Amino acid sequence: MHLPIPEHSITEFIRWADYLGTFAFAISGTRLAAAHRFDWFGAYVVGLVTAVGGGTIRDIMLDLPIFWMTEPSYMLITTLALFVTIVFRRWLVRINNTVFLFDAIGLGLFTAVGVAKSLHAGFPWWIAPVMGTVTGAFGGMLRDILINEVPLIFRSDFYAMACVAGSLVYIGILYFGGSVPLAQAFTAITVIVLRLLASKYHWNIPALKPNLDDKE
């Protein structure tokens, strides 16, 4: 299947999605670190890893220059997220869904970024969902490892599958002649909405049980 990918497929939407996703993921990581009473440096590291971890793995896999090592804005955005968390920490800690909300926003935006960069780099369409999922979900996976929790992507939560679904929306819109900005916007919206609906209606992927008769 050939997708009509123009040379300028990395649109202004993707640029801002990258920045906003970085801020959202950095907030979610820093907020979670604060809940575990990390010091400021530890919270910054967790926020930075959450924000750039998925994109770093993506760029390594695609053999591209690692994005945050060529542009200082990502580290500055993470620093801003740290200070926002410090200044508004009482408000952020008081709202139990803060981490989930910012994580859902970052997940949607980064999934669109991952798909766009994969296609723009000339890789086949079936690589795009993989890169969308890696970009969206792997920063959160590294965050959970750093704070000694089972990564959300490995639990029964509807997390990585939201990235896959959003990536397929991107490919489908391009296949049927839709514009690149439209595909990117709808991909982000799809992932965010799926995460919110999954939380509201308790959608889960069935756990793999060692015994078929196990009720737990």
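Visitor: Are Asp-103 and Arg-143 buried or exposed?
Guide: Both Asp-103 and Arg-143 are buried. Buried means under 20% relative accessible area, exposed means over 50%, and partly exposed is in between (1.4 Å probe, protein chains only). Before we go on: this is a predicted model, where local features need pLDDT of at least 70, side-chain atom pairs count only at pLDDT 80 or more, and totals for chains, interfaces and linings use all residues. Residues are numbered from 1 along each chain as its sequence is written, and side-chain values use heavy atoms, leaving out hydrogens and water.

Visitor: What do the side chains of Asp-103 and Arg-143 form where they meet?
Guide: A salt bridge, which is a side-chain nitrogen of Lys or Arg within 4 Å of a carboxyl oxygen of Asp or Glu. Here the N to O distance is 3.0 Å. The pair ties together distant parts of the chain, with Asp-103 in helix H5 and Arg-143 in helix H6 (residues 128–146), 40 residues apart. Arg-143 also bridges to Asp-144, with the closest N and O atoms 3.1 Å apart, and Asp-144 is buried as well.

Visitor: How many salt bridges does a search of the whole structure find?
Guide: Four. Another one of them joins Arg-58 to Asp-59, at 2.9 Å between the closest N and O atoms. Arg-58 counts as buried because its relative accessibility is 1%, and Asp-59 counts as buried at 2%.

Visitor: Which helices and strands does the protein have, and how many?
Guide: Helices (H or I, at least four residues) and strands (E, at least two) are DSSP runs, numbered from the N terminus. This protein has eight helices and zero strands. Of its 216 residues, 49% count as buried.

Visitor: How far apart are the end C-alpha atoms of helix H5?
Guide: To judge a helix, take its expected span: 1.5 Å times one less than its number of residues. For the 23 residues of H5 (residues 98–120) that gives 33 Å, and the end C-alpha atoms are 33 Å apart, which agrees. H5 is mostly covered, with 19 of its 23 residues buried. Just after H5, Gly-122 has a positive phi of about 95°.

Visitor: How many aromatic pairs are there in the whole structure?
Guide: Rings of Phe, Tyr and Trp (its six-membered ring) pair if their centres lie within 6.5 Å; planes under 30 degrees apart count as stacked, over 60 as edge-to-face and the rest as tilted. The search finds seven pairs. One of them, Trp-16 with Tyr-19, is edge-to-face, at 5.8 Å centre to centre and 85° between the planes. Both residues lie in helix H1 (residues 12–35), three residues apart, about one turn of the helix. An α-helix has 3.6 residues a turn, so residues three or four places apart point the same way. Ring pairs also link Trp-16, Tyr-19, Phe-67 and Tyr-74 into a cluster.

Visitor: What sits over the ring of Phe-67?
Guide: The charged end of Arg-58, 5.4 Å from the ring centre. For that label, NZ of Lys or CZ of Arg must be within 6 Å of the ring centre and within 35 degrees of the ring normal. Lys-200 likewise lies over the face of Tyr-201, at 5.6 Å from the ring centre.
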